[in-house]
Structures are given as C-alpha cells and as structure tokens.
Amino acid sequence: MLKEDCASELKVHLAKSLPLPSSVNRPRIDLIVFVINLHSKYSLQNTEESLRHVDASFFLGKVCFLATGAGRESHCSIHRHTVVKLAHTYQSPLLYCDLEVEAFRATMAQRLVRMLQVCAGHVPGVSALNLLSLLRSSEGPSLEDM
Amino acid sequence: MSSQKRGKNVQAQNRTSQGSNSFQTTLSAWKVKQDPSNSKSISKHGEDNPVGDYEHADDQAEDALQMAVGYFEKGPIKTSRNKDKTLEKHLKTVENVAWKNGLASEEIDILLNVALSGKFGNAVNTRILKCMIPATVISEDSVVKAVSWLCVGKCSGSTKVLFYRWLVAMFDFIDHKEQINLLYGFFFALLQEDALCPYVCHLLYLLTKKENVKPFRVRKLLDLQAKMGMQPHLQALLSLYKFFAPALISVSLPVRKKIYFKNSENLWKTALLAMKQRNQGPSPEPLKLMLGTANVRPLKRKWNSLSVIPVLNSSSCTKECGKKEMSLSDCLSRSRSFPLEQLQSFPQLLQNIHCLELPSQMGSVLNSSLLLHYINCVRDEPVLLRFYYWLSQTLQEECIWYKVNNYEHGREFTNFLDTIIRAECFLQEGFYSCEAFLYKSLPLWDGLCCRSQFLQLVSWIPFSSFSEVKPLLFDRLAQLFFTSTIYFKCSVLQSLKELLQNWLLWLSMDIHMKPVTNSPLETTLGGSMNSVSKLIHYVGCLSTTAMRLESNSTFLLHFILDFYEKVCDIYINYNLPLVVLFPPGIFYSALLSLDASILNQLCFIMHRYHKNLTAAKKNELVQKTKSEFNFSSKTYQEFNHYLTSMVGCLWTSKPFEKGIYIDPKILENTGVAEYKKSLNVVHHPSFLNYAVSFLLQESPEERTVNVSSIRGKKWSWYLDYLFSQGLQGLKLFIRSSVHHSSVTRAEGINYNNQY
C-alpha cells in the first residue's frame, strides 16, 4: 500500500492484535482493516477478540474485513459463510483477496488506498458512512447451488 | 518350490543389474505369480516389445523405475525381513516418476494388474492407483485386463471405487474405446452397487453410444431411480438416453439442472494439467472462428492441441472416416454417421444435418462455427447439457484466481475466455455455465486480471429479473466499482451498456414472437419492462455516485452519457414501451460541464428524448385505450423541467428561473455580476473557445475580442459556425426544441390529453 501514489501522507500501522498500546502518540486512525486468513481458525478467533476493543464510532465506515485464502477451497478451515456473517454482524464491508499473489495484492492495495482517502475525508461530498452504505451488500442467497 | 522362487528372483535381479542396455528383457519377461504352488507363468509381451521411450539408457531414474516395476510384478516376498523398506522405496520411485513425467503405457499395464490383483495390501494398491498418470496414452487392452481382474474379486471395495474414479479421469487418454464399449453391459450391471453407482454412471455417460441404449436398460435405470430417488447421476444418464432414443423414455426430466457429476478427478488434476502443458507445443496464435474444423485430425499420439479446448474428433469408428461418398441408404441406416472432420462448409452441414453425430468431447464445438450452428438449431436438452457441463467444469478448473499456485496460466485462461466470448457473440446468446461461473467467481475477482474478458462475460448475461441478478452480481460489482480507478468505472459502464443492449434485443425479438409461440423468457411484458427499468435506474445511481467520487470528471461523464444515448432511444429503436430519464445529478453535471462535446452529447440526448416522448404520446392517443404502458405524466413533467432549465441557460439567458430555481440572493453571493448571460451559448465556458475563434475568423487582426458583441444577426452566424464545427447535437436540439420567434420559448411537451 505504501507504494501507491497518494496526495497526502499515508501511514500504515501493522498490529497482530488489538488493543494497541496506549502509551504511544499516534495520528488519527482513519481505517482499520482486519485481515482474516481463511486457512487458520486462530486468525478468526484473534479477529473476534480484537473487535471487542474497537470503539463503536469506527464501525460507521472505518472498519473493513479482508479475507485471504479463499481461492483454495480445500485449504480453508473457516467456511466463507462464517466470515460473511461476521461482516454482516458488524455492518462492515468484506473484501476478498489472495494475498499470496503479487498482482492481487497490488490491486487490493489500490482499492484500500481509495477507501482510505474517502474515510479520511479527502474526497469532497463523500463521507465514510456514505461509502459504507455503497459497499455493503445485503445477505444474498447461497451460491452453493450454482 | 522356494528354491525355484529364489532362483527366479535371482534371475530377475540379474537382469536388472545387467545395466541399462538390457531393460528390454526386464519388462518383457513379466510373469504372473498366482500361487506358489502354481508354477504356470503367463508371459505377456514378446521379446520384441519396443520400449521406445527409454532410449536414454543412462538415466538413473529409469533404472530405478524398472527395478521398482519389476519388484511389483514379482509380488510380495514373504520371507524378506526388510520387506516394508524396499516396498516403500519402490513405491516412492514409481510415484516420483509418475508425477514428474508420467508412466508409459506398458508400465501402466503392469501396475494396473498388480494393483487390482490383490497381491499387495489395500494401502499399496491405493497408492499405486493414485499415481497412475500416463505420459502419453493408456492402451485399451490394459483397461480390459484390469476390468477382468475386477471379476476375480481379489481387490477391496475401496480399490474398486478408486479404479473407477481413475478410469473416468483418464478416459480421454485411452487410445481406442471399442473394446471398452463392448464391456458396456458389464459396467451397466455394476449400477446395482451403491458405492460404485455414481462413478459408473459417469463412466457410462462418457461411453454411451446410440446402439447401447436398449429398452431393458432404460427400464433398469427407471427402477433404480424409483428405488434411490432422483439422483443427479442417474438423471444425467437418463437424459443422455433420452437424447439418443427419445421414444423410449417418457419420463420428464428437469430442465434447469445442468451440472450432474461431482468432480471426481481432483486427485489427478494437477498432474493432468502438468502433463497437458508438457505435451503442448508453442502456444498457438489466437484462432478466428473458422468455418470448417480447426485442425486436421492429429495423430492419436500427438497432444499438441490447445490445452483446454479438445480437438474435434468424431466419436464414430475410425474405419468409417475413409468414405467420401454416402449413399442415401447409408444416410438412412442408423449406424452410419457423418464424420465431423470432413465438415467444411455450411451447405455440407445442411445436407448432413440429420446424421451428424456429435463429438464425445463436447468442448470442441467451441472452435467450430458450423457445430455451434448445429447445437443452436438442434435444441436438444442433453446436447446442451453436455456442453454446459464441460464448460462449467473447465471454467472452474482453469480459473486462475482459484489456482493460486499457477498464476502464470493467465494467458491461456484469457484465450479460453476469448473463445467463449466469440462463441457467445456468434450465437448471440449467453451460456448458462458462464453465468454461474461469474456469480461464483466474482467475489474473488480482483478487478484486474482478465478484466475485459470478464466484463464482456457480464454483458452476455441472459435476461432475467433484475431483482434476482442484483444480489448475485451487482452488489459485488458495486463494491469493486466504488473502490476502483476511473478506468475500471468506465469499463463497467460500457459493459453495462452492452448488457442493456443485449437485453433490449432479446426482448424486442421476444415481443414479435409472442403471438406465435410461447415466450421463451417466461415473463410478461410488464415484468420485463420493469426489470429493464430497474437496471437503468441502478446504473443511474451508480453513475451519480461515481461522479461524486471522481469529482465530476468529464471522461467518466462521456461514458455515462453514452449509456444514456442508448437509453433515450429505446422506444423508437427497439419498439419497447419504455422511457427512462436520466437522474438530475447527471443532467446538471453535463449542463454545467466545461467540455463542449459533453454539452453536445447532452443536447443530442435531449433531442432524442423529445422525439421518443412525442412518439409515445402520439401512439397513446391513437390507441385510445388505457394500457399499462402509458407513461405517467411525471415522466413528461420531469422532461419539461429539464428542457426549460436547459433552454433557459443556453438560449434565453434566464437561467435558474424556470427550470431549476435558485434564489437570486444566493446567486449574488457567488460574486458573479452578470450571471444571466453567463451560461448561454455564447458565454458558456465550454463554448468560449468557439466564440473566440469565431470572432477571430471574422476579424483576425483584432487584439481584443469582445464576446458580448455576438448578438442579433451575428448570433445566427455564430450558431452556423458552431454547427459547422461538428456540434450536431446542439443543432438538432436547437432546431427541435427552441422556437425561433420574437418571444423565444421552449417547446415543451404538452402532456395533457388534449393535444
């Protein structure tokens, strides 16, 4: 993401779990992305625990979930439905990306930077909440029967 | 006895250790040890068995492989203490060679027999079967022999299941199938066994020819179905039977279900892929859809066809292909069928259309336009079923964002998608399998790889109710749309425009067919119009939001207006009772844009809307009956509103008074003193350069230009100048909507019932 061109300064803070240590002075957080690895159950557990530490105001468009590893169904130990339900419960958008492939990573980075721009208020006329209502999809029918 | 055995062992070992040049003897001298007491040995191949693939004798791996194979032939040595270790070693050798290069057909022959004769335990048999990957072909005889081993009953149930799965997966690699076809009855009898039933059904599905369909078999299948219920694999076989002999089956089979068999070749998938890649020549240039068959029928052992789409090969016996002429009696007799390789031209297709036998590899029709014609006309469910089944399987397998390891196959997959799209374009309709594939793989799509192909597939989605398609397709597409670059947005808008076009074409054709036949779309006209208008409204929402996100970019606006150019003419061009206006967000952005071509396009669209609405009004009056498609007065009101705003801005220099109303006080706050004229044809920012060049044209030596000097007579000259510069839309709009009189007013549409 840091390679992307951006009008203002972009900072990324990586963390394995929340809460972040409160002693450090850090700039305002505009977007939280929870990365869930569908191949490991521990990842989902970790995310669920971290979610509890997030302030409610973030869920108005500043949180999004990123599920990786959905391409190889045989390796998935978490069913996709679980993650979909999780995103639905927290009213936040869910994105899929196989982070192992370079090209997919690059496009996802572009996408996230654009979301970040909206969440940080750099796009006039569109707020984070607005974007949220655009990105959220209703719980659709199961695709298993296709 | 034991000495004899040991003797033989020593003999075999001697042969192997003789070195590379004597490999011939090892393989050719295989003997089957039934029983220690039984000293009969059956030697299969003669001494002159050509083991051609093993030219390079110095290969260590080859030696090891032969040792391993020899070990297996001999059977388990009960007395040896380190039996397990040697066994493991040899197994590993065989597996390595198999997964790397594939096994030669002779080795497969031997190993098949070993696995099915029950000499080793179940675990070993399973491992052997799992690694039986052919390098080139599998000989038919090996399969027949293997099947005969099954009759002896020495192997366990799970081994049998695995064998059948293997047979189905490797079906395409078996060189001849006549003898296997003779075993049809044997396979059919196996349907009784519950565990084997799905796989045997799949095998029969691949194997069945017209002459195999007999009444007693049909009865048997129906009995089975009555016992086990409507199983998808039984359905598949029944539909295939129905295709070959429709008279025998009176049961109605469900139409919708198109995917029958579970993918049982998972175990060998990666190896098969690797094999296909190895055998593929340099990647071929993209083919145009040729009139005749794509290649000359290749030699049986050459696998350098396109890796994904199988080569056209008629399923009839090779001996029949020699005949050039066909007599009428030949045509009438059932056993004769026209070999597909000779199908070169359209007249030929028409002559032989009744005795054309479709290839066993349905996928090969994708490359031949003649066969596409054929399957389109034949309208037989099973044919389409087989085709869709193959298509969905191949799409699933080849899709590169599922095969995360093999991302380099992007080129192949793109070519494959291109071929499918060409076929869809040719037939002017979408395939069900592509639709299903889209819905399934859209969540994982990153929006970049195979983008144009993917979006083209979107534009070929067959017509259906919008509310059904929305959660499957549009929600996810919207997610991608709103977070992507402007170019992606434009591409999506373009493909949605094409989608709309396709839907409109189908619907307009459907209306004309309505009085004659039942509508194939199974919807009423009202429902269809509803669906289309929902689509248009949805695109309107997408566009308005996109404009905000991209800060009113003119590039994006071009694409949006392109879409609406198509929408405005629905009534006249497609004869469908639908008029949908564009949302205000688009209208005002276009009206106030800084680009003259946008304004021009907007004028053109307004002109077309005017024409469509007047035509609709006229038809309504002519019909005099109240039909459900009379447009509400709201549409007309809205249009008049837009029209007055536009004319007010561009022509009468009275903006913001009648159409969109802005309080003069607010306008004062903007600080623009002379706002009244500032949006008319002369002063509009987008026309500024035209005004200046017009004035300079007249008097080129002028240093300063006064744009406000264009009035009165100059005004009409100025207009002519604009029209000559290619602003045709503006011309049409002004001619049709603006009344040239001393009191200029807009020609609104009178929507009251008195005309």
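**In helix 25 of chain B, the buried residues are Leu556(B), Leu557(B), Ile560(B), Leu561(B), Phe563(B), Tyr564(B), Lys566(B), Val567(B) and Cys568(B).** Buried here means under 20% relative accessible area, exposed means over 50%, and partly exposed is anything in between, using a 1.4 Å probe and protein chains only. Helices (H or I, at least four residues) and strands (E, at least two) are DSSP runs, numbered from the N terminus. This is a predicted model, where local features need pLDDT of at least 70, side-chain atom pairs count only at pLDDT 80 or more, and totals for chains, interfaces and linings use all residues; side-chain values use heavy atoms, with hydrogens and water left out. Residues are numbered from 1 along each chain as its sequence is written, while chains are lettered from A and ligands numbered from 1 in the order in which they are written.

Helix 25 covers residues 554-568, 15 residues in all, and reaches 20 Å from its first C-alpha to its last, close to the 21 Å expected at 1.5 Å a residue. That expected span is 1.5 Å times one less than the number of residues. At the start of helix 25 of chain B, a side-chain oxygen of Ser553(B) comes to within 3.3 Å of the backbone nitrogen of Phe555(B).

**Asp569(B) and Arg608(B) pair up in a salt bridge.** The closest N and O atoms of Asp569(B) and Arg608(B) are 2.8 Å apart. A salt bridge is counted when a side-chain nitrogen of Lys or Arg lies within 4 Å of a carboxyl oxygen of Asp or Glu. This pair links distant parts of the chain, 39 residues apart: Asp569(B) is in the loop between helix 25 and helix 26 (570-574) of chain B, and Arg608(B) is in helix 28 (residues 596-623) of chain B. Both partners are tucked away: Asp569(B) is buried at 8% relative accessible area, and Arg608(B) counts as buried at 16%.

**Glu88(B), Lys92(B), Glu95(B) and Arg127(B) are linked in a network of salt bridges.** Within it, the side chains of Arg127(B) and Glu95(B) meet at 3.1 Å, N to O. Arg127(B) sits in helix 6 (residues 122-130) of chain B and Glu95(B) in helix 4 (residues 83-100) of chain B, so this pair ties together parts that are 32 residues apart in sequence. Arg127(B) is partly exposed at 25% relative accessible area, whereas Glu95(B) counts as buried at 18%. Over all chains, the count comes to eight salt bridges.

**Lys470(B) makes a salt bridge with Asp475(B).** The closest N and O atoms of the two are 3.2 Å apart. What about burial? Lys470(B) is partly exposed, with a relative accessible area of 27%, but Asp475(B) is buried, at 9%.

**Val681(B) is in the loop between helix 30 (664-669) and helix 31 (688-698) of chain B.** Contact means heavy atoms within 4.5 Å. Leaving aside neighbours within four places in sequence, Val681(B) is in contact with Leu650(B), Trp651(B), Phe687(B), Tyr718(B), Leu719(B) and Leu722(B). Thr652(B) is 29 residues away from Val681(B) along the chain, and their C-alpha atoms are separated by 9.4 Å.

**Ser369(B), Leu370(B), Leu371(B), Leu372(B), Tyr374(B) and Ile375(B) are the buried residues of helix 17 (residues 369-378) of chain B.** What covers these residues? The cover includes helix 16 (346-351), helix 18 (381-398) and helix 19 (410-427) of chain B.

**Asn502(B) has its place in helix 23 (residues 486-513) of chain B.** Asn502(B) counts as buried, at 7% relative accessibility. Not counting residues up to four places away in sequence, Asn502(B) touches Ser459(B) and Trp460(B).

**Chain A meets chain B with 32 residues of chain A in contact with 28 residues of chain B.** The two chains bury about 2,900 Å² between them, 65% of it on carbon and sulfur atoms. Buried area is the accessible area (1.4 Å probe) that two parts lose on being put together, summed over both. Strand 3 (94-96), helix 3 (102-119) and helix 4 (128-135) of chain A are the elements that give two or more residues to the side of chain A that touches chain B. Helix 3 of chain A gives the most, with eight residues. Across this interface the rule finds zero salt bridges.

Technical notes:
A polar contact is a pair of N or O atoms within 3.5 Å; within protein, one must be able to donate a hydrogen and the other to accept it, and residues adjacent in sequence count only if both atoms are side-chain atoms.
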